[in-house]
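Here are my notes for you on this model. Please keep the sequence and the 3D view side by side while you read.

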Amino acid sequence: MTRSGKHILLLPGDGIGPEVVAEAVKVIDYLRGAGEIAVECDYGLIGGSACDECGVPLPDETLKAARRSDAVLMGAVGGPQYERLPRERRPEQGLLAIRRELGLFANLRPALSFAPLAACSALKEEKVSGLDLLIVRELTGGVYFGEPRGIRTASGGLREGYNTMVYREDEIERIARVAFDAAQKRGGKLCSVDKANVLEVSELWRDVVERVARDYPGVRLSHLYVDNAAMQLVREPKQFDVMVTSNLFGDILSDLAAMLTGSIGLLPSASLNGAGAGLYEPVHGSAPDIAGRQIANPLAAILSLAMLLRHSLGLPEPAARLERAVAAALARVRTADIAGGLAAVSTAQMGDAVVECYAG
Ligand code: IPM
Ligand code: MG
């Protein structure tokens, strides 16, 4: 393949994925037309739609295209029609496989309260206004990938399910460094979340994080058990700057953090491998109940594009301008999930509003 600019692989996926990715593409087209970025885009299959067409949730072709690209922008995977498939063919396996194959161990999930939306949060406005939290979730290890795993027949003929939560020191160290680096560039505070009062894997996690902390004298490190962290996030979310945690705990806490900002429809994420490759996706799922109705919120996808511009394409200015355009668009129009008393606009109208605010 010969090409001049950068290359983005688009993986719309299932459910509302295609609708929200279409709005991110609208933004890409605008930026390209305005001469702000030089990118080429290709489409690929992942998740249930890939299973429908090729019989597997992550076709080889998609993986190869992802490896050739500078960045991947994904929509969402999953849907009730796929829940009865054998595990290896379920849509989620496509997502887990691409994370593993590309070595995307660092998952950045920022939760930002946009001023016009503070009243939409599940918490009181004063608890969340100005919130700026970054969850750094380990993404290629822990109980999600640990072996052995399975369902076996135990004594007495009863079935038992088992998984293994395992972290090697180097896996803990590299995610800790990503989090410390981020904290150093932000508010200088890092909270590591574990369950060290019960789990050996967490005891080691804490030990390694402490060791890495010596290289970052400017960052204030604290530790919380995950149950307490969940409570503190709801009690006083603004006490946090950066949080670092394992795969499973990060999965849970990032959904919780989403509700602090008003809607999970607003949360972007970046999954990075430390060598520049990145997969960008909204934190929300495929929302099959509202798919195809043009009522989904495309802002998480558009904010994921902003992260892509910043982290994989080295374009911090358009990224920041796009984030400001999202804030400006929110002051004008809302999709149904955050409408409050206002009339809701469609997915496409929200995308149009962002483009207008960017241009204006
Ligand atoms: C997420 C999702 C995924 C995860 C699922 C779809 C496999 O919940 O990205 O948070 O658990 O990592
Ligand atoms: Mg999740």
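The numbered points below go from the sheet to its helices, then to aromatic rings and some backbone details.

1. First, the ground rules. This is a predicted model, in which local features need pLDDT of at least 70 and side-chain atom pairs count only at pLDDT 80 or more, while totals for chains, interfaces and linings use all residues. Residues are numbered from 1 along each chain as its sequence is written, chains are lettered from A and ligands numbered from 1 in the order in which they are written, and side-chain values use heavy atoms, with hydrogens and water left out.

2. Start with the sheet. Ten strands make an open sheet with mixed pairing, in the order S2-S1-S3-S12-S11-S4-S5-S10-S8-S9. Helices (H or I, at least four residues) and strands (E, at least two) are DSSP runs, numbered from the N terminus; two strands pair if DSSP finds at least two bridges between them. What stands at the edges of the sheet? Strand S2 (39–43) and S9 do, each with a single partner strand, so one side of each has no neighbour in the sheet. From one strand to the next, the twist averages 20°.

3. Now look at strand S1 (6–13). Seven of the eight residues of S1 are buried; here buried means under 20% relative accessible area, exposed means over 50%, and partly exposed is in between (1.4 Å probe, protein chains only). S1 pairs with S2 in the parallel sense over five bridges, and Ile8 stands opposite Cys41 in S2. Five bridges also join S1 to S3, again running parallel, with Gly13 opposite Ala76 in S3.

4. For contrast, find strand S11 (residues 268–272). S11 and S12 run antiparallel and are joined by five bridges. Ser269 has Glu281 in S12 as its bridge partner.

5. H1 lies across S1, S2 and strand S3 (71–76), running at about 160° to S1. Helix H8 (residues 226–235) packs on the sheet and touches S5, strand S8 (189–194), S9 and strand S10 (242–245); its direction makes about 105° with that of S9. Contact means heavy atoms within 4.5 Å. Axes are lines fitted to C-alpha atoms, for helices over the stretch in contact, and angles run from 0 to 180 degrees between N-to-C directions.

6. Which handedness does the β-α-β unit of S1, H1 and S2 have? The unit is right-handed: with the strands pointing away from the viewer, the path from the first strand over the helix to the second runs clockwise.

7. On to the aromatic rings. Rings of Phe, Tyr and Trp (its six-membered ring) pair if their centres lie within 6.5 Å; planes under 30 degrees apart count as stacked, over 60 as edge-to-face and the rest as tilted. By this rule there are three aromatic pairs. One of them is Tyr30 with Tyr358, edge-to-face at 5.9 Å centre to centre and 70° between the planes. Tyr30 sits in helix H1 (residues 17–33) and Tyr358 in helix H12 (residues 347–359), so the pair ties together parts 328 residues apart in sequence. Tyr30 is partly exposed at 28% relative accessibility, and Tyr358 is buried at 3%.

8. Another pair is Phe180 with Tyr216, which is stacked: 4.9 Å centre to centre and 15° between the planes. This pair links distant parts of the chain, 36 residues apart, with Phe180 in helix H6 (residues 169–185) and Tyr216 in the loop between helix H7 (200–213) and strand S9 (220–225). Phe180 is buried, with a relative accessible area of 0%, and Tyr216 counts as buried at 7%.

9. The rule asks for NZ of Lys or CZ of Arg within 6 Å of the ring centre and within 35 degrees of the ring normal. Arg137 lies over the face of Tyr144, 5.3 Å from the ring centre, and Arg174 lies over the face of Phe105 at 4.2 Å.

10. Finally, some backbone details. The peptide bond joining Glu147 and Pro148 is cis, with omega about 0°; Pro148 is in the loop between strand S5 (132–138) and strand S6 (150–153). Ala287, a residue other than glycine, has a positive phi near 40° and is found in the loop between strand S12 (278–282) and helix H10 (299–311). Gln294 is in the loop between S12 and H10, with a positive phi near 60°. Ala287 is partly exposed at 24% relative accessibility, as is Gln294 at 29%.
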